[in-house]
Amino acid sequence: MSVERVFHLEQALLAVLQQAEQQGVDIDRLYKQAIGGLIGNTSWRWVTADHVAGAADELESAMRVLRDRPSQG
């Protein structure tokens, strides 16, 4: 995967999380549920075991970016 595509995907994930938070979604809860889904939700057929740890790491990284951002108020 190209570096540019990785950057685009990272920015897309951050945008979705930020918008969810602005709409009142508890993104910490959303993050935890997403990790749980990656690990144990057999109905998520697109999740492959080989990629679960990396996907969880990327979610954690995105949450860290959002937590560490300067206050917007």
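The model is a prediction, in which local features need pLDDT of at least 70 and side-chain atom pairs count only at pLDDT 80 or more, while totals for chains, interfaces and linings use all residues. Residues are numbered from 1 along each chain as its sequence is written, and side-chain values use heavy atoms, with hydrogens and water left out.

The protein chain contains three helices and zero strands, where helices (H or I, at least four residues) and strands (E, at least two) are DSSP runs numbered from the N terminus. The order of elements from the N terminus is α-α-α. Along the principal axes, the C-alpha atoms occupy a box of roughly 40 × 30 × 15 Å. Of the 73 residues in the chain, 21% are buried; buried means under 20% relative accessible area, exposed over 50%, and partly exposed in between, with a 1.4 Å probe and protein chains only.

We turn next to the pockets. A pocket is an open set of points on a 1 Å grid over the protein atoms alone, where a 1.4 Å probe fits, with protein on both sides within 12 Å along at least five of seven lines; lining residues have an atom within 4 Å of a point. The largest pocket holds about 310 Å³ of space, the volume being the space filled by probe spheres set on the points, which are joined across faces, edges and corners. Its lining consists of Met1, Val6, Leu9, Glu10, Leu13, Glu58, Ser61 and Ala62. Helix α1 (3–22) provides the largest share of this lining, four residues, and both α1 and α3 (52–67) supply at least two residues each. By class, five lining residues are nonpolar, one is polar and two are charged; Ala, Val, Leu, Ile, Met, Phe, Trp, Tyr, Cys and Pro count as nonpolar, Asp, Glu, Lys and Arg as charged, and the others, Gly among them, as polar.

The second largest pocket has a volume of about 230 Å³. Among its lining residues are Leu13, Trp44, Trp46, His51 and Glu58. Here α2 (27–40) and α3 are the elements that give two or more residues, and α3 gives the most, with four. The lining divides into nine nonpolar, two polar and one charged residue.

The salt bridges complete the picture. The structure holds four salt bridges, each defined as a side-chain nitrogen of Lys or Arg within 4 Å of a carboxyl oxygen of Asp or Glu. In one of them, the side chains of arginine 69 and glutamate 21 meet at 2.5 Å, N to O. Arginine 69 lies in the segment after α3 and glutamate 21 in helix α1, so this pair ties together parts that are 48 residues apart in sequence. Both partners are partly exposed, arginine 69 at a relative accessible area of 27% and glutamate 21 at 29%.

Arginine 67 and aspartate 28 also form a salt bridge, at 3.1 Å from N to O. Since arginine 67 belongs to helix α3 and aspartate 28 to helix α2, the pair ties together parts that are 39 residues apart in sequence. Within helix α3, arginine 64 and glutamate 60 lie four residues apart, about one turn of the helix, and their side chains meet in a salt bridge at 4.0 Å, N to O. Asp28, Glu60, Arg64 and Arg67 are linked in a network of salt bridges.
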